[in-house]
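This report is meant for a reader who is meeting the structure for the first time, and it moves from the whole chain to its parts.

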Amino acid sequence: MAMPVIALVLVVAAFAMPVSKLRQASRVPRIHDITTDTDRPPQFVSIVPLRAAAPNPVEYGGPQVATQQRQGYPDVQPLTLPLPPNQAFDRALATARRLGWEIVASDPPSGRIEATDTTFWFGFKDDVVIRVAAAPNGSRVDVRSLSRVGLSDVGTNAARIRKYFAALRDAS
């Protein structure tokens, strides 16, 4: 009697993750490029060669993608830190490292950090660019997270930006 119950539990567990992802995919925009600045998204530079074989281009999708993002993720906005740009940059870089991202480039004069994050379950590589710039009350931090493959990221890139900003706010 125990064996059929165990087998049923294993089958349900095996299908739970894909079904959960399908449900989530139906509730989010079908996009794979999320940025806190849809008018002037941070640009990838050093990561471009690493994406040579990636089906998704590094060029931002423009107004159509921006509209979908604003509708699906209205909370994904720039973060202002009450720090001068050099301190905000150091904190931004340390936070990316703490999250386990692979740092590809770090350019303090331009305020740009480029990194790659690998998803836990499926091992997808997504690229991230962070821009730190002077702002009236300290520094403005913009982030762009772009999937290398897939038409939809199923909300992963927006979740990554939210998690990064939460960790960045908590860093001291």
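Of the contacts in the chain with a separation of 6 or more, what share is accounted for by residues 24 or more positions apart? In this predicted model, such residues account for 66% of those contacts.

## The chain as a whole

The chain holds four helices and six strands, and from the N terminus on its elements follow the order α-β-α-β-α-β-β-β-β-α. Its C-alpha trace spans about 65 × 35 × 30 Å along the principal axes. Of the 172 residues in the chain, 42% are buried, while the chain exposes about 9700 Å², of which carbon and sulfur atoms supply 62%.

## Strand β6 and its partners

Strand β6, made of residues 138–147, is mostly covered, with nine of its 10 residues buried. Strand β5 (residues 125–135) pairs with β6 in the antiparallel sense over 10 bridges, and within this pairing A133 stands opposite R140 of β6.

Strand β1 (residues 33–35) runs antiparallel to β6 and is joined to it by three bridges, with D33 having L146 as its bridge partner in β6. Strand β2 (residues 79–81) likewise pairs with β6 in the antiparallel sense, over three bridges, and here L81 stands opposite S139.

Strands β3 and β4 form a further pairing. Five bridges join β3 (residues 102–107) to β4 in an antiparallel arrangement, in which D107 stands opposite R112 of β4. The hairpin of these two strands has four residues between them, and G111 takes a positive phi near 75° there.

## Salt bridges

The structure holds 11 salt bridges.

| Pair | Distance, N to O |
|---|---|
| D33 and R144 | 2.8 Å |
| R112 and E114 | 2.9 Å |
| R160 and D126 | 2.9 Å |

The salt bridge between D33 and R144 has one partner in strand β1 and the other in strand β6, so the pair ties together parts that are 111 residues apart in sequence. Both of its residues are buried, D33 with a relative accessible area of 5% and R144 with a relative accessible area of 0%.

In the salt bridge of E114 with R112, E114 counts as buried at 0% relative accessibility, and R112 counts as buried at 18%. The side chains of R160 and D126 also meet in a salt bridge; this pair links distant parts of the chain, since R160 belongs to helix α4 and D126 to strand β5, 34 residues apart. R160 counts as buried at 7% relative accessibility, and D126 is buried with a relative accessible area of 3%.

## Helix α2

Which residues of helix α2 (residues 63–72) are buried? They are V65, A66 and Q69. Seen down the axis of α2, these buried residues fall within an arc of 100°, so they line one face of the helix. The face turned away from that buried side carries the exposed residues P63, Q64 and Q71. Strand β1 is included in what covers the buried residues of α2.

## A surface patch and a loop residue

On the surface, F120, W121, F122, F124 and V149 form a nonpolar patch, and together they have about 630 Å² of accessible area. One of these residues, F120, lies in the loop between β4 (112–118) and β5. Is F120 buried or exposed? F120 counts as exposed because its relative accessibility is 73%, and the cut-off for exposed is over 50%.

V154 lies in another loop, the one between β6 and α4 (156–170). The phi of V154 is near 55°, a positive value in a residue other than glycine. V154 is buried, with a relative accessible area of 18%, where buried means under 20%.

Key. Residues are numbered from 1 along each chain as its sequence is written. This is a predicted model: local features need pLDDT of at least 70, side-chain atom pairs count only at pLDDT 80 or more; totals for chains, interfaces and linings use all residues. Side-chain values use heavy atoms; hydrogens and water are left out. Buried means under 20% relative accessible area, exposed over 50%, partly exposed in between (1.4 Å probe, protein chains only). Two strands pair if DSSP finds at least two bridges between them. Patches are made of residues with over 30% relative accessible area and no salt bridge: like charges are joined within 9 Å, nonpolar side chains (Val, Leu, Ile, Met, Phe, Trp, Tyr) within 5 Å. Accessible areas come from the Shrake-Rupley method with a 1.4 Å probe; for residues, only the protein chains shown count as cover. A salt bridge is a side-chain nitrogen of Lys or Arg within 4 Å of a carboxyl oxygen of Asp or Glu. The arc is that of the directions from the helix axis to the C-beta atoms. Contact means heavy atoms within 4.5 Å.
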